[in-house]
Amino acid sequence: MAKKEIQPPVKRETLTSKPRKKVLISNDFREILISQETSIIEQRIITMILSAIKDDQSIFINTKSPVEEDLKNKQLSFDDYFEGWAHQGVIDFSVSINDLNPNRKMKNSVIQEALINMTNINWIRLKDETINGYKAVPFILEPSWNKKNIYFKMDKAVMQHLLNMSQYYSIKKDLSFNASTNNTLRFLMWLVKFNKLGGVVKEYTQLLKELFIPANKYEGHYRFERDFLIRVKADLDNFNDISFNYSYKDGNYSFVIYNTQNAVGHDSKFPTLNELQIERALKYLKKQRGLDEQHVRVMKKLYEVKGYTELSKHLKRKIEINIKGEDYIK
C-alpha cells in the first residue's frame, strides 16, 4: 500500500491562544528562558504563544506507535511546514487582553512596555550557520494593540526554536498567571532537566552561573535563599506539578525534586538526595542482580554507611553481568 503523502499546511489565519491546562517548551527555548531575564507579563505572553502553537508542536513530536509509523517516516521539515504560511515566513498572533490580564490587574502601560521590550534585537540569540556563529533577533515583531487585543508577528527563525520538539518539557499554563516572582519560571526551566534524576547537587557559585545570575547579586547564600529560593519554592508548591526541597552544606546545594500532588500538604519528611539515589539504586540492583530482600537490606546498610556517591564508585567497577544474588553481595 502506498504511503499517504503529508501535505504542508495551507495559508493559515492569525494564531490565537487556546484554553489548555499545559503548554510545551522545547529544549531550545528552555535554555533561552534560563539565560534571558523575563518579566511576569512577558512570561504570560510567552505562555499564550505556546498555547496557540501546541497543536503545531505536536506535528514534530515523534511517536513510537506503529500506527503512526508512516508519519514518522514522512516527517515534515520546517521548510515544508512554513511553505503555506503567509508573509513569507512571518506568523501572525492575536492575544486577548482579558486572557492576558484577568480582572485588569496590570496597567495597559505595563503590557505595552513588555511588548516593546520583546521587540528588542537583543532579546534572543540564535545560531547562524552561515557565519558559524550567532545573531541577535527580536522575539516578536510589529506589536500593536487596542482595547480588546494585542497583535504581533513572529519570524520563522524564532518559530523554529519553539517547534524543535526533539526534546521538550510541559508546564502548567496557569503558572505564569499565579507566580509571585519572575524567577519562578527561570528556575523551573533549570530544574526540569534533572527531574528524571530526582534531584541534583550544585556548588553555589556554579548554580548562580547556570542561572545566569551575577555572582555579586546576593550577599551570600542566605540572601539567595531568602530573596530567590523560598519564593520560587512557594510558587511551585502551590501552582506546579513538581517542586523541590533543598539543603546547603559546605558551599553546595542539594536539591530533591518531588511531585507536589503527593507531597505538599502532608506532614512528611522529604528524602535527601542521597536517600533518593539509594532507593533508586536498590530497585535497579534488585532487578538486575536478582537480589532477595535480605540482600537488599545488606546493600542498603552499605549505602547508608558509605554514602551513595562513595559506594557507587566501587559498584561501577566492572562486575560480570552473570554474577547475581549471594555471589554479587560477596
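1. Start at Ser144, which sits opposite Tyr151 of strand S7. Keep in mind as you look around that this is a predicted model. The strands here are S6, covering residues 141–145, and S7, covering residues 149–155; they pair in the antiparallel sense, with 3 bridges. Between S6 and S7 there are 3 residues, and the two strands form a hairpin.

2. Next, have a look at how helix H2 (residues 40–58) meets helix H7 (residues 156–163). Their axes are 10 Å apart and the helices pack at an angle of about 70°. Angles of 65 to 115 degrees count as roughly perpendicular, so that is the label for H2 and H7. On the H2 side, the residues involved are Ile49, Leu50, Ile53, Asp56 and Gln57, and they meet Met159, Leu162 and Leu163 of H7. Sorted by class, this contact of H2 with H7 comprises 6 nonpolar, 1 polar and 1 charged residues.

3. You'll find Thr260 in helix H12, which spans residues 260–263. Is Thr260 buried or exposed? With a relative accessible area of 8%, Thr260 is buried, since the cut-off for buried is under 20%.

4. So what is Thr260 in contact with, leaving aside neighbours within four places in sequence? The list is Leu236, Asp237, Asn240, Asp241, Ile242 and Ser243. Take Asp241: Thr260 and Asp241 are 19 residues apart along the chain, yet their C-alpha atoms are separated by 5.5 Å. Asn240 deserves a look as well, with its backbone oxygen 2.5 Å from a polar atom of the Thr260 side chain.

Definitions and conventions:
Residues numbered from 1 in each chain as written. Predicted model: local features only at pLDDT ≥ 70, side-chain atom pairs only at ≥ 80, totals over all residues. Heavy atoms only, no water. Pairing = 2+ DSSP bridges. Helix = DSSP H or I, 4+ residues; strand = E, 2+ residues; numbered from the N terminus. Buried < 20%, exposed > 50% of the residue type's maximum accessible area, 1.4 Å probe, protein only. Contact = heavy atoms within 4.5 Å. Polar contact = N/O pair within 3.5 Å; in protein donor to acceptor, adjacent residues only side chain to side chain. Axes fitted to C-alpha atoms, helices over the stretch in contact; angles between N-to-C directions. Parallel < 35°, antiparallel > 145°, perpendicular 65-115°, else oblique. Nonpolar A, V, L, I, M, F, W, Y, C, P; charged D, E, K, R; others polar.
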